[in-house]
Amino acid sequence: MNPPIIYFSNRCESIFDHALQPLGGKSFIDSGSKIDFLYFCTHSDKLKPLAKEITFDLIDRQFSVPLANRSRLARSLNLAGLDTLKTYFLPNDIPKDRERLWFVKNPLSSGGRDIFCVRSEDVLSVFEDGFIIQEGATNLDMIENRKYTIKAYVLYLNGCVYVFNEAIVLVHGKEYSELDVSSEAQYLHAGCEQVGSKVKLECFRKLSNYEYIYNNIKNSISDVLGIFMNTLNCGDKNSYCIFSLDYLVTKALDVLLIEINDRPNLIHTTEINQKVNIPMLQAAFVIMMPSLLSSIQHPHLRFSKLIG
């Protein structure tokens, strides 16, 4: 019998328990022992566990923040010619188009905080130093006349990039109009995991155009992650990162990258946890420890290598 997988997480702990314990995982409790898999976020005053050895450790944020910081990401995408949504850094730089909406964002915020959807004439009233101004997308695909966002999971490990073949579709809580500046129609997902939420969560693979959109997402991820590989490869050996990339989809089924999160929320509704998040984590563990493949319940849900 193989020895148990020892793991520790200080964020979204229940998801890691549900993903790893069926594979023989045991939570780390002995400070003198080895940790096979560590997911430790420095968002609290907790101290990183003292272990004799850590096999797979979350990448240092100095190497992943260039992707997660909206301003740094926008500048990198602009230089590479990959900015499918144009981003500006000063109100005076935006085109004076009264029919277009703009998303003014704090480059470091998350969870829908410090995001404002406004018309051109209102940009200055919400803009603060360091914020970005991202153009609103047009001609978007809809689900039941609502805007939707696809949250795709990406794994970075040892110079390689993998994409998971399932994702989360977040269908916004209000019917969409291109000139509606309300957060409910445009960007708000907060509370989507709660019973009764107007924001609906669906599995990506249920979409009728899944294969076509997924192929476009893979191409986008290859291009975007490709420009950050030198930075990510500066991390320690066996350091990894699970990114989520948020995409809009146009009527032509092109994909538009909105942002990247290097410490994504991994807890959603029970259905999404069971059908997406837990299988995603198990598939990530299989990339790290191939011997686990025979133990996972959903081998058709897997990561595919895009780079490396």
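Predicted model: local features only at pLDDT ≥ 70, side-chain atom pairs only at ≥ 80, totals over all residues.
**Figure 1. Leucine 124 sits in helix α4, which covers residues 123–126.** Is leucine 124 buried or exposed? With a relative accessible area of 63%, leucine 124 is exposed, since anything over 50% counts that way. For a sense of distance, pick out leucine 47 as well: it lies 77 residues from leucine 124 along the chain, and the two C-alpha atoms are separated by 41 Å.

**Figure 2. The whole protein, for orientation, has eight helices and 14 strands.** Its radius of gyration is 20 Å, close to the 19 Å that the globule rule gives for 308 residues, so the protein is as compact as a globular protein of that length. Along the principal axes, the C-alpha atoms fill a box of roughly 65 × 40 × 35 Å. What share of the 308 residues is buried? Buried residues make up 53% of them. The protein exposes about 14,700 Å², and carbon and sulfur atoms supply 48% of that area. If you count contacts between residues at least 6 apart in sequence, 66% of them join residues at least 24 apart.

**Figure 3. Alanine 152 is a residue of strand β9.** Here the view moves to a buried position: the relative accessible area of alanine 152 is 3%, and under 20% counts as buried. Which residues does alanine 152 touch, once its neighbours within four places in sequence are left aside? The partners are Ala167, Ile217, Phe243, Ser244 and Leu245.

**Figure 4. Helices α2 (residues 61–68) and α3 (residues 70–80) pack against each other at an angle of about 70°.** Their axes are 5 Å apart. Angles from 65 to 115 degrees count as roughly perpendicular, and α2 and α3 are therefore roughly perpendicular to each other. On the α2 side, the residues that meet α3 are Val65, Pro66, Leu67 and Ala68; on the α3 side, Arg70, Arg72 and Leu73 take part. Sorted by class, this contact has five nonpolar residues, two charged ones and no polar ones.

**Figure 5. Isoleucine 278 belongs to helix α8, which covers residues 270–288.**

**Figure 6. Arginine 11 lies in the loop between β1 (5–9) and α1 (13–20).** Is arginine 11 buried, partly exposed or exposed? At 23% relative accessibility, arginine 11 counts as partly exposed, because the buried class is kept for values under 20%.

**Figure 7. Asparagine 139 is found in the loop between β8 (132–135) and β9 (148–157).** Check the backbone here, as asparagine 139 has a positive phi of about 55° although it is not a glycine. The relative accessible area of asparagine 139 is 46%, so this residue is partly exposed.

**Figure 8. Leucine 253 occupies the loop between β12 (239–249) and β13 (255–261).** What is the phi of leucine 253? The angle is near 70°, a positive value in a residue other than glycine. Leucine 253 has 13% relative accessibility and therefore counts as buried.

Definitions and conventions
Residues numbered from 1 in each chain as written. Heavy atoms only, no water. Axes fitted to C-alpha atoms, helices over the stretch in contact; angles between N-to-C directions. Helix = DSSP H or I, 4+ residues; strand = E, 2+ residues; numbered from the N terminus. Parallel < 35°, antiparallel > 145°, perpendicular 65-115°, else oblique. Contact = heavy atoms within 4.5 Å. Nonpolar A, V, L, I, M, F, W, Y, C, P; charged D, E, K, R; others polar. Rg over C-alpha atoms; globule rule 2.2 N^0.38 Å. Buried < 20%, exposed > 50% of the residue type's maximum accessible area, 1.4 Å probe, protein only. Areas by Shrake-Rupley, 256 points an atom, 1.4 Å probe, with all protein chains shown as cover.
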